[in-house]
Amino acid sequence: MSRNTLNLLRPLTNARPTYTRISPISMSESAFSRSTLRSEIVRPISGSGLKKRNLHTTIPRQHGEITRPEPGTGIKLTFKDSKGNEIKTIEGNEGDDILSLAHEYDVDLEGACEGSVACSTCHVIIDPENYDKLPEPDDEENDMLDLAFGLEDTSRLGCQVKLSKELDGMVATLPSATRNMYVDGE
């Protein structure tokens with residue numbers, strides 16, 4: 001055997017740092033969005049060429065993805081318009097937020113910042129019985145609520161309200177308008 005072959009057969013003791021190069025197997029957009037990525041881990045071995053190892057991973061769950069519960073098994077949430085008319089009653093799972101549920105069930109709740117607490121367009125008014133069961137809003141949420149149109153004592157940002165079993169039957173009323181700083185420029 002040649003000297004280079006013997007070097008390859010030696011255990012990887014005292015190996016140098018690992019360098020990683022990640023590339024998608026398929027570059028087509030539809031295949032890339034859900035495809036498996038292929039990563040080549042390249043480790044330098046003294047006195048020889050580079051050794052390659054393949055690592056396969058999958059793309060994590062997408063932000064805001066909702067799994068609908070079986071009918072009759074979820075936590076009920078009712079959306080109402082600003083005049084008190086019922087828009088839709090839906091079911092969600094524990095931990096789902098109001099904004100994601102509204103988007104999943106086609107309720108007209110904007111959410112311009114996609115839940116990053118950078119706007120007040122997902123502002124909802126929670127019924128008083130359930131408002132007291134919610135954790136206090138943090139400073140970041142309160143700052144955004146200060147910018148909300150039609151602010152009430154029981155106002156919250158829909159992206160920050162997570163469902164729990166004790167909130168079953170909660171009512172979220174949509175305000176008559178929203179204020180989007182990116183669009184409105186205020």
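Is Asp97 buried or exposed? Asp97 is buried, with a relative accessible area of 12% (buried means under 20%, exposed over 50%, partly exposed in between, using a 1.4 Å probe and protein chains only). Keep in mind that this is a predicted model, where local features need pLDDT of at least 70 and side-chain atom pairs count only at pLDDT 80 or more, while totals for chains, interfaces and linings use all residues. Residues are numbered from 1 along each chain as its sequence is written, and side-chain values use heavy atoms, with hydrogens and water left out.

**Salt bridges**

- Side chains of opposite charge can pair when their charged atoms come close.
- The count here is five salt bridges (a side-chain nitrogen of Lys or Arg within 4 Å of a carboxyl oxygen of Asp or Glu).
- One of them joins Glu104 and Arg68, at 3.0 Å from N to O. Glu104 sits in helix α3 (residues 98–104) and Arg68 in the loop between β3 (50–57) and β4 (75–80), so this pair links distant parts of the chain, 36 residues apart.- Glu104 is partly exposed at 29% relative accessibility, and Arg68 is partly exposed too, at 46%.
- Lys165 and Glu94 form another salt bridge, at 4.0 Å from N to O. Lys165 lies in the loop between β7 (155–157) and β8 (170–173), and Glu94 in the loop between β5 (86–92) and α3, so the pair ties together parts that are 71 residues apart in sequence. Lys165 counts as exposed, at 65% relative accessibility.
- Back to Asp97: its salt-bridge partner is Lys162, with the closest N and O atoms 4.0 Å apart. Lys162 is in the loop between β7 and β8 and Asp97 in the loop between β5 and α3, so parts 65 residues apart in sequence get tied together. Lys162 is partly exposed, with a relative accessible area of 44%.

**A patch of negative charge**

- Asp138, Asp139, Glu140, Asp143 and Asp146 gather in a negative patch on the surface (patch residues have over 30% relative accessible area and no salt bridge, with like charges joined within 9 Å).
- Glu140 belongs to helix α5 (residues 139–145) (helices are DSSP runs of H or I with at least four residues, strands are runs of E with at least two, numbered from the N terminus). Glu140 is partly exposed, at 47% relative accessibility.

**Strand β6 and its partners**

- In strand β6 (residues 123–126), His123 and Ile125 point one way, Val124 and Ile126 the other, and all are buried.
- β6 runs antiparallel to β7, joined by three bridges (two strands pair if DSSP finds at least two bridges between them). Ile125 has Ser155 as its bridge partner in β7.
- β6 also pairs with β8 in the antiparallel sense, over two bridges. There, the bridge partner of Ile125 is Thr173.

How values were computed:
Patches are made of residues with over 30% relative accessible area and no salt bridge: like charges are joined within 9 Å, nonpolar side chains (Val, Leu, Ile, Met, Phe, Trp, Tyr) within 5 Å. Accessible areas come from the Shrake-Rupley method with a 1.4 Å probe; for residues, only the protein chains shown count as cover. Lys and Arg count as positive and Asp and Glu as negative; His and the chain ends are not counted. The place of a charge is taken as NZ of Lys, CZ of Arg, CG of Asp or CD of Glu.
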